[in-house]
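I set out to record which charged pairs, surface patches and pockets can be read from this structure. The entries below follow the order in which I looked things up.

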Amino acid sequence: MDELREQCPWDRKQDIHSLRNLTIEETYELADAILREDWKGIGEELGDVLLHIVFYARLGKEKGAFDITSVINDECEKLIRRHPHIYGDVKVENEDDVKRNWETIKMSEGKSSVLSGVPNGLPAMVKAYRMQEKTKQVGFDWENAGQVWDKVEEEINEFREVSRNGTSRDKLEDEFGDILFSLVNYARFVGIDPETALEKVNLKFKRRFEFIESNSPKPLKEMNLAEMDALWDEAKKLEKEK
């Protein structure tokens, strides 16, 4: 990285802002490889992400803010501080105890809110899940999944009501957001990661629609819905046989 920064015109030109979107892209590529359980791809994408970490550390060094050594040391110290059940005398019974301790320690480090550790730039569904996880650690949570599902049904009924009344688009959007937020909450209660679940459905939809495209006897615009549905069902059947 030192050589690239000093000798390569492209690398010399970069700063934290120009790298930001590239870092997001590399992270999504890693996430995609993980979802496909492509271990070779995971290894390659980890290398790309690591390159970005080293690049930011070099930029920090140029600003006199930090370097790669201080970044790693600070992280090690934080992990030691936040794992008193490993490096101290705190006793824990389970994962929930660990998470509660983690949030308590973060607050003692000067965090202004339990939610301050949830980045504003997260995708909305991931952010909803993380906020719900965070507030759970301080007791702001439902008692059981049945209560959460009741809330899902309540939000759906409210959405239906405002839909029938010809309410404004903003109100419809607000009520629909409530449905999604409550569904994310229910997924969390039953041990499902909603972002992963939705992405798997996205991939399934893409796979089946591409089957329709590749097996259609005529252009899709000339097919009716029943003909496309028949090919969709064929794609589903083939998936089940694998």
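Predicted model: local features only at pLDDT ≥ 70, side-chain atom pairs only at ≥ 80, totals over all residues.

**Entry 1: arginine 188 and its partner.** I then looked up its charged partner and found a salt bridge to aspartate 141, with the closest N and O atoms 2.8 Å apart. For aspartate 141 I noted a relative accessible area of 27%, which makes it partly exposed.

**Entry 2: glutamate 133.** I next asked which residues glutamate 133 is in contact with, leaving aside its neighbours within four places in sequence. They are Lys99 and Arg188.

Entry 3: I turned to salt bridges inside a helix and recorded two of them.

In helix 9, lysine 151 and glutamate 155 lie 4 residues apart, about one turn of the helix. Their side chains form a salt bridge at 3.2 Å, N to O. Lysine 151 is partly exposed with 24% relative accessible area, while glutamate 155 is buried with 6%.

In helix 10, I found lysine 171 and glutamate 175, again 4 residues apart and about one turn of the helix. The distance in this salt bridge is 3.0 Å, N to O. Here lysine 171 is partly exposed, its relative accessible area being 32%, and glutamate 175 is buried at 5%.

Entry 4: How many salt bridges does the count come to? I recorded 25, with a side-chain nitrogen of Lys or Arg within 4 Å of a carboxyl oxygen of Asp or Glu as the criterion.

**Entry 5: a nonpolar patch.** I then looked for nonpolar residues on the surface. Leu50, Ile53, Val54, Phe66, Ile68, Val71 and Ile72 form a patch there, with about 550 Å² of accessible area together. Which helices each supply at least two residues of this nonpolar patch? I found helix 4 (39-63) and helix 5 (68-81). I checked isoleucine 68 individually: it is found in helix 5 and is partly exposed, with a relative accessible area of 35%.

**Entry 6: the largest pocket.** The largest pocket has a volume of about 690 Å³. Its lining comprises 20 residues, and those closest to its centre are Tyr28, Ala31, Pro123, Val126 and Glu195. I asked which helix gives the largest share of the lining. The largest share, 8 residues, comes from helix 3. Helix 3 (16-35), helix 8 and helix 11 (194-215) each supply at least two residues of the lining.

Technical notes:
Residues numbered from 1 in each chain as written. Heavy atoms only, no water. Buried < 20%, exposed > 50% of the residue type's maximum accessible area, 1.4 Å probe, protein only. Contact = heavy atoms within 4.5 Å. Patch = residues over 30% accessible without salt bridge, like charges linked within 9 Å, V, L, I, M, F, W, Y side chains within 5 Å. Areas by Shrake-Rupley, 256 points an atom, 1.4 Å probe, with all protein chains shown as cover. 1 Å grid on protein atoms, 1.4 Å probe; cavity = no way out; pocket = protein on both sides within 12 Å on 5 of 7 lines; lining within 4 Å. Points joined across faces, edges and corners; volume = space filled by probe spheres on them.
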